[in-house]
Amino acid sequence: MGVSRRGFLKRAGGVAAAVVLPQWAWADPLGLPLGIQLYVVRPDIAADAPKALKEIAAIGYKEVETAGFGSLKSAKEFRKAMDDAGLKCPSAHLSFDLSDLQKTFDDANDLGCQYATASVARMMILPKADPSMTSAQQRAAIGNMMAPMQLDDLKKLADAMNTVGSAAKKNGLLFASHNHTEQFASIDGKTGLDYLITHTDPQTVKFEIDCGWMVVAGFQPGDFVKRYPGRVTMLHIKDFLPYPKGASTGGPVRPEGSEIGKGVVDYKKIFADVKGGGIKHIFVEQEGPYSRMPPMEAAKVDYAYLHSLA
């Protein structure tokens, strides 16, 4: 049973490799810490935000992007819960009232953000929601909000984004805009997103590409990242089950979300295409229905798959 020193070291090295490998245990796509948009686990955040944030950190996520404060009352309370969980919050999805932006920027700074991000920037130029609307009226309003944007709306929105971007800069922040499918109608041979990027201030307005919705609309994130250096700084990593042509966010046919890697969005291609393109943060986001597993379990599956790509 005697083992030479060389044999022992060889065996020990094999054991160490077995403990350390596989590589996905420490690697992340694009060399960035994995983040998650907390919309994914909103039921958990609503029930007990501090507990949910600790569970997110235990999965391995290092960064979060907020979407409300769940069971907590304020941005300051939410910041404490994130600090306690060891999580950073570089971006938050916030509401933007053009007549009163200071509350939005105060919340972003209290959360420790660099980016104050609009989930649906178009809301800034639409009438405010009326609490007295019927369910049918609410559905119609959502449909209008997600309908393909035309040139008049794009002009108004670009102006609004420049206004918000300038105000954000004065508060030590960057404004960012997140897309669904509404920004991909053809405008003079280009998309609405092309228009918004080329008609906003590159110093104060940045973009967060939702890769899943962009692919559903028929476009590739890498093309925009390469076409507009420095403008796209964040990605949403989202997947969908197979969907019919013409599917969209607010139309009659909406694709069903899936765990990352279980759907049809090719993230190996996307990460290869955007590599070296200046992406600063990536956030997992998943659409419902959560028919296969609960949201927190889905967040674990998403995390493991993204590690497996590195």
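Which residues in α2 meet which residues in α11? I began my notebook with this question and noted the ground rules before answering.

**Entry 1. Ground rules.** I record that this is a predicted model, in which local features need pLDDT of at least 70, side-chain atom pairs count only at pLDDT 80 or more, and totals for chains, interfaces and linings use all residues. Residues are numbered from 1 along each chain as its sequence is written, and side-chain values use heavy atoms, with hydrogens and water left out.

**Entry 2. Helices α2 and α11.** I looked up the contact (heavy atoms within 4.5 Å). From α2 come Pro-43, Asp-44, Ala-52, Glu-55, Ile-56 and Ile-59, and they meet Pro-295, Met-296, Ala-299, Lys-300 and Tyr-303 in α11. By class, the contact of α2 with α11 holds 8 nonpolar, no polar and 3 charged residues. I note the classes: Ala, Val, Leu, Ile, Met, Phe, Trp, Tyr, Cys and Pro are nonpolar, Asp, Glu, Lys and Arg are charged, and the others, Gly among them, are polar.

Helices (H or I, at least four residues) and strands (E, at least two) are DSSP runs, numbered from the N terminus. Two packed helices are described by the angle between their axes and the distance between the axes. Axes are lines fitted to C-alpha atoms, for helices over the stretch in contact, and angles run from 0 to 180 degrees between N-to-C directions. The axes of α2 (residues 42-59) and α11 (residues 295-309) come within 11 Å and cross at roughly 25 degrees. The two helices are therefore roughly parallel to each other; the cut-offs are under 35 degrees for roughly parallel, over 145 for roughly antiparallel and 65 to 115 for roughly perpendicular, with the rest oblique. The crossing of α2 with α11 is right-handed. A crossing is right-handed if the near helix is turned clockwise from the far one by less than a right angle, and left-handed if anticlockwise.

**Entry 3. Helices α2 and α3.** I then turned to the packing of α2 on α3, where the axes lie 8 Å apart at an angle of about 30 degrees. That makes α2 roughly parallel to α3. Here too α2 passes in a right-handed crossing. In α2, Ile-45, Ala-49, Pro-50, Leu-53, Lys-54 and Ala-57 meet Phe-78, Ala-81, Met-82 and Ala-85 in α3. I find 9 nonpolar, no polar and 1 charged residues in the contact of α2 with α3.

**Entry 4. Helices α3 and α4.** For α3 (residues 75-85) and α4 (residues 102-111), the axes come within 8 Å and cross at roughly 20 degrees. This makes α3 roughly parallel to α4. On the α3 side I list Ala-75, Lys-76, Phe-78, Arg-79 and Met-82, and on the α4 side Asp-107, Asn-109, Asp-110 and Leu-111. This contact of α3 with α4 has 4 nonpolar, 1 polar and 4 charged residues.

**Entry 5. Is His-281 buried or exposed?** His-281, in strand β12 (residues 281-284), is buried, with a relative accessible area of 10%. The cut-offs are under 20% for buried, over 50% for exposed and in between for partly exposed (1.4 Å probe, protein chains only). A polar contact of 2.9 Å joins the side chains of His-281 and Glu-63. Such a contact is a pair of N or O atoms within 3.5 Å; within protein, one must be able to donate a hydrogen and the other to accept it, and residues adjacent in sequence count only if both atoms are side-chain atoms.

**Entry 6. The loop between β5 and β6.** Glu-182 is found in the loop between β5 (174-178) and β6 (186-187) and is buried at 0% relative accessible area. Its side chain makes a polar contact with the side chain of Gln-183 (3.5 Å). Thr-181 is in the loop between β5 and β6 and counts as buried at 9%. Leaving aside neighbours within four places in sequence, Thr-181 is in contact with Trp-213, Val-216, Ala-217, Ser-248 and Thr-249.

**Entry 7. Backbone exceptions.** Most residues other than glycine have a negative phi, and most peptide bonds are trans. Leu-30, which is not a glycine, has a positive phi of about 65 degrees and counts as partly exposed at 29% relative accessibility. Asp-188 has a positive phi near 55 degrees and is exposed at 74%. Gly-288 and Pro-289 are joined by a cis peptide bond, with omega about 0 degrees.
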